[in-house]
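Okay, everyone, let me put today's model up on the screen. Have a look at it for a moment, and then I'll walk you through how the pieces are arranged.

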Amino acid sequence: MHTVVDGTARGDGRPLVAGDIVLLVDRKDRRYMFALRADGEFHTHSGVLAHTELIGLREGQTAKSTGASSFVVWRPTLSDYVLKMKRGAQIIYPKDIGPILMLADIGPGVRVLESGIGSGALSLAMLRAGADIVGYELREDFAERAVRNVTDFFGDVQDRYRVEIRSVYDGIDEVDLDAVVLDLPEPWLAVDHATVALRPGGILVGYTPSITQAVTLREALADRGFARAETLEVLNRTWHIDGQSVRPDHRMVAHTGFLTHARRSSS
């Protein structure tokens, strides 16, 4: 297992050791992620790279395969990890995860009910921010994958992360929650339960792929007296910058989902 530092997988400049998760980047910016093993090998179309060639290197250094292909080695950031980790379900992408952390006001000690945890991408970010999470997931295989992804990145965080195999549509046992975060096909069916589970001023955030889902969620929130409701989407456009050639990239990460958030009023 890699070393966990203050709840992260940072190495703080130390050399790579067996158990560390690494990200290899080739000259075409293709990325490969795996955990180092003393007897491990990374196989590519251009040859083999023994893990022992990587152990002892520092981030940013280069290693070559038997076919002379060069790879720069890094410890993955959380964003790298989320995009390359094994999935049982579609993930919420980093461009949406960051805003969700802000909209739900996630921070140290914040108590969160997350339902529809999928592969654990959002769980990872909320745990990194210091939250205590109870997850409700209907599919056991998704739950197992999420817990495995969280454990592989952070180590043992069972004191702050518990996943139950159940449907949030059937109710929420937790009370006085600071936030309820829903990534579900019909999040409006959980609004009544969230109203009881959230403390006054607590925040509900719903992630929905279609605007019709967002509209129905907003109607349910209004019916239950939630305040300060807002729906938004996040678009991510990178730029090509190469000397005097400066322009938006031809491709962009546009619509992925709508983020709806509102606060439970005390009345």
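Let's start with the open sheet of 7 strands, which runs in the order S9-S8-S7-S10-S11-S15-S12 and has mixed pairing. A strand here is a DSSP run of E of at least two residues, a helix is a run of H or I of at least four, and both are numbered from the N terminus. Two strands pair if DSSP finds at least two bridges between them. Keep in mind that this is a predicted model, where local features need pLDDT of at least 70 and side-chain atom pairs count only at pLDDT 80 or more, while totals for chains, interfaces and linings use all residues. Residues are numbered from 1 along each chain as its sequence is written, and side-chain values use heavy atoms, with hydrogens and water left out.

So what sits at the edges of this sheet? Strand S9 (161–165) and strand S12 (227–232) do, and each has a single partner strand, so one side of each has no neighbour in the sheet. From one strand to the next, the twist averages 15 degrees.

Follow Val 180 across to S11 and you land on its bridge partner, Leu 204.

There's another open sheet, built from 4 strands in the order S2-S1-S6-S5, and here the pairing is antiparallel. Strand S2 (31–35) and strand S5 (62–64) take the edges with a single partner strand each, so one side of each is left without a neighbour in the sheet. In this sheet the twist averages 35 degrees from one strand to the next.

Zoom in on S1 and S2. S1 spans residues 21–25, runs antiparallel to S2, and is joined to S2 by 5 bridges. S1 and S2 form a hairpin with 5 residues between them. Which residue in the turn has a positive phi? That's Asp 29, with a phi of about 65 degrees.

On to the helices. Helix H2 (residues 94–103) packs against H3 at an angle of about 50 degrees, and their axes are 10 Å apart. That makes H2 oblique to H3; oblique is whatever is left once angles under 35 degrees are called roughly parallel, over 145 roughly antiparallel, and 65 to 115 roughly perpendicular. Axes are lines fitted to C-alpha atoms, for helices over the stretch in contact, and angles run from 0 to 180 degrees between N-to-C directions.

H3 also packs with helix H4 (residues 140–154), at about 40 degrees, with the axes 9 Å apart. H3 and H4 are therefore oblique to each other.

And the handedness? H2 passes H3 in a right-handed crossing, and H3 passes H4 in a right-handed crossing too. Right-handed is when the near helix is turned clockwise from the far one by less than a right angle, and left-handed is anticlockwise.
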